Amino acid sequence: MKKYFSFLCIAAIAAALTACSSFEKMKIVDGITVQCNPDVLSEVGGKVPATVTVTYPENYFNPNAILVVTPVLVYEGGQKSASSYIYQGSKVKDNNKVVSKNGGSVTEKITFDFVDGMEQSVFELHSVAYYKDKRIEIPAIKVADGVNVTCQLAETDGKFDFKADEYEDVIKMTTEGQILYDVNSANVKNQELKSKSIKDLQAALDEMKSNERVTIKGTQIVAYASPEGGENYNSKLSDKRAGSAEAAWEKIAKGMDITETEIKSIGQDWEGFREAVAASNIEDKDLILRVLSMYSDPAVRESEIRNMSQIFTELKAKVFPELRRARFITTGEFQNYSDEELYKLAEEHLNSLDEVSILHVAAITEDAGRKDVLYRYVADRFNSQAALYDLAALALGNGKTDIAKSYLNRVDAGDPDAVNLKGVIAMRAGNYDEALELFKKSGTEDAKENIAAINILKGNYREALNEADGLNAAVASLLVGDVNAASTAVAGCNSAKGDYVRAIIAARKGDSAGVKANLDAAFKKDPALKARADKDIEFVDFR
């Protein structure tokens, strides 16, 4: 019995020594293989994501051991750890992933929070094995080098602008008068040449002619016949009225040197008839308008309307007389104040300018303080929605988000530019989903660019290409690996970042001369980019 007990003790001790020896072998990591996707890490929206597969060889993993693996990104000045993963041997009674003694693979999704400096870094797996009361520090296993930060070249501050002011360098002017005819007549009565309509026209013409800023371009004489009496008859009557109106115009414009005229004969004035009926208080006007919409043939229209005998009598008295006419429509161009003139007026007589003019002065003013004063003046004096929006844009451009919000609260909630600006505020605060909804609601061209920026920030690079333009389209194309598309997109971008992107394109094509030339151009425009290039993994083969 004693011999048997001694044999059991010796066997147990031997087994324990064997297990302990197997556990110690876990220090040897030569047979462990690691695959990382992507093979070069990239920042995506402030994170560094990766999928890592670790394959442990046969006879590596002790059946009684527990292995704690911590992904670590080591960079100059510090290191960042991701969440640890726990694996166990086949004899451990726990709920962790099991790795067999015969070998096996484990795949994990890993995410680090990005910080500056990670551009030059080493991604490692730090592991500690446990067996009973023993603990082994396993040598770090290298996974990848560096973090690509090309996504940071995208413009993601949010695109917005001031309202486009409606100031016109040249203002089109129109003035008109008319003469009326008796039924079936083309004769111009003397009293018509003295009517209020003609006197007002002559006064307007005198004023236009006396204004050195106004150039009279010409006059259109348009003759009509009321829609009664047949289409052919009225067409000829309209032609005769055009002739008599032309002769009348020579008397009306006598001494005004207005020679350029265009004569038009419309015939039956159905459009004028529709407008006159719609504006009238005729009881059955809806019925008349319905007839006009149902029938396009002039003869049928006239017949249907004549069948409404009582209505037709009212039309003859109230509507038709105003359609037996000829119109004199004179056009001119007003040469508006130059920027220099406006600026001086704003300095000396601000209260003499209208809303549009002051908004234009603010738009051409470079001094932010002066812009603020002008926009506030317009907002207070005219209760201008455009000025309130511009104040919000000015504040946000200067980083004063709370002030921008206060102005936006006074702007019409449905204003597309204001909705876009709210989206920019949300985007800058990191509220990407809220920003995306606002940009979609806005629908402006700026908002579409901002949608692309959001998609770049979220790592949705292919979706970004649906809306991106210029630099952002080039960056998104690089991030999906389409160098040719990136080259096309950045062609018209002459900024420092544009040159930098062209340097990356050259690097990916193996063009060392192109890398140098474009980086030199970028550094000349923005010297701060040199420090970035010194760390950028895109240029690791060109240093």
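The model is predicted, so local features require pLDDT of at least 70 and side-chain atom pairs count only at pLDDT 80 or more, while totals for chains, interfaces and linings use all residues. Residues are numbered from 1 along each chain as its sequence is written, and side-chain values use heavy atoms, with hydrogens and water left out.

**Pockets**

- A pocket is an open set of points on a 1 Å grid over the protein atoms alone, with protein on both sides within 12 Å along at least five of seven lines; its lining residues have an atom within 4 Å of a point. A volume is the space filled by probe spheres set on the points, which are joined across faces, edges and corners.
- The largest pocket holds about 390 Å³ of space.
- Its lining consists of 16 residues, and those nearest the centre are Val 40, Ser 42, Asn 148, Arg 508 and Glu 538.
- Helix 19 (470-479) and helix 21 (496-508) each contribute at least two residues to the lining of the largest pocket. Helices (H or I, at least four residues) and strands (E, at least two) are DSSP runs, numbered from the N terminus.
- The lining of the largest pocket comprises 11 nonpolar, 2 polar and 3 charged residues. Here Ala, Val, Leu, Ile, Met, Phe, Trp, Tyr, Cys and Pro count as nonpolar, Asp, Glu, Lys and Arg as charged, and the others, Gly among them, as polar.
- The lining of the second largest pocket includes Glu 43, Cys 151, Asp 157, Tyr 432 and Leu 457. By class, this lining divides into 5 nonpolar, 4 polar and 3 charged residues.

**Cavities**

- The structure contains 2 cavities of 30 Å³ or more, a cavity being a set of grid points where a 1.4 Å probe fits but cannot get out.
- The largest cavity has a volume of about 70 Å³. Strand 3 (47-56), strand 4 (66-75), strand 6 (85-88) and strand 8 (104-113) are the elements that give two or more residues to its lining.
- Among the residues lining the largest cavity are Val 52, Tyr 56, Pro 71, Tyr 87, Glu 108 and Leu 125. The class division of this lining is 10 nonpolar, no polar and 1 charged.
- The second largest cavity has a volume of about 50 Å³, and its lining includes Asn 184, Ser 226, Glu 228, Arg 241 and Arg 324.
- Helix 4 (residues 231-252) gives the most to the lining of the second largest cavity, with 3 residues. This lining has 3 nonpolar, 3 polar and 3 charged residues.

**Sheet 12-15-13-14**

- An open sheet of 4 strands has the order 12-15-13-14, with mixed pairing; two strands pair if DSSP finds at least two bridges between them.
- Strand 12 (170-180) and strand 14 (261-268) are the edge strands, each with a single partner strand, so one side of each lacks a neighbour in the sheet.
- Neighbouring strands of this sheet are turned by 20 degrees against each other on average, direction ignored. The axes are lines fitted to C-alpha atoms, and angles run from 0 to 180 degrees between N-to-C directions.
- Strand 12 and strand 15 run antiparallel and are joined by 11 bridges; Gln 178 has Arg 327 in strand 15 as its bridge partner.
- Strand 13 (residues 214-225) pairs with strand 15 (residues 325-335) in the antiparallel sense over 9 bridges. Val 214 is bridged to Phe 334 in strand 15, and Thr 215 stands opposite Glu 333 in strand 15.
- Strand 15 is largely enclosed by the rest of the structure, because 8 of its 11 residues are buried. Buried means under 20% relative accessible area, exposed over 50%, and partly exposed in between (1.4 Å probe, protein chains only).

**Nonpolar core**

- The largest nonpolar core has 43 residues, of which Phe 160, Tyr 389, Leu 396, Leu 408, Leu 421, Met 427 and Phe 439 touch the most other members. Such a core is a set of buried Ala, Val, Leu, Ile, Met, Phe, Trp, Tyr and Cys residues joined through side-chain atoms within 4.5 Å.
- Elements giving two or more residues to this core include helix 10 (339-348), helix 13 (385-397) and helix 17 (445-457). Helix 13 supplies the largest share, 9 residues.

**Individual residues**

- Leu 287 lies in helix 6 (residues 285-294) and is partly exposed, with a relative accessible area of 32%.
- Arg 301 lies in helix 7 (residues 298-307) and counts as buried at 11% relative accessibility.
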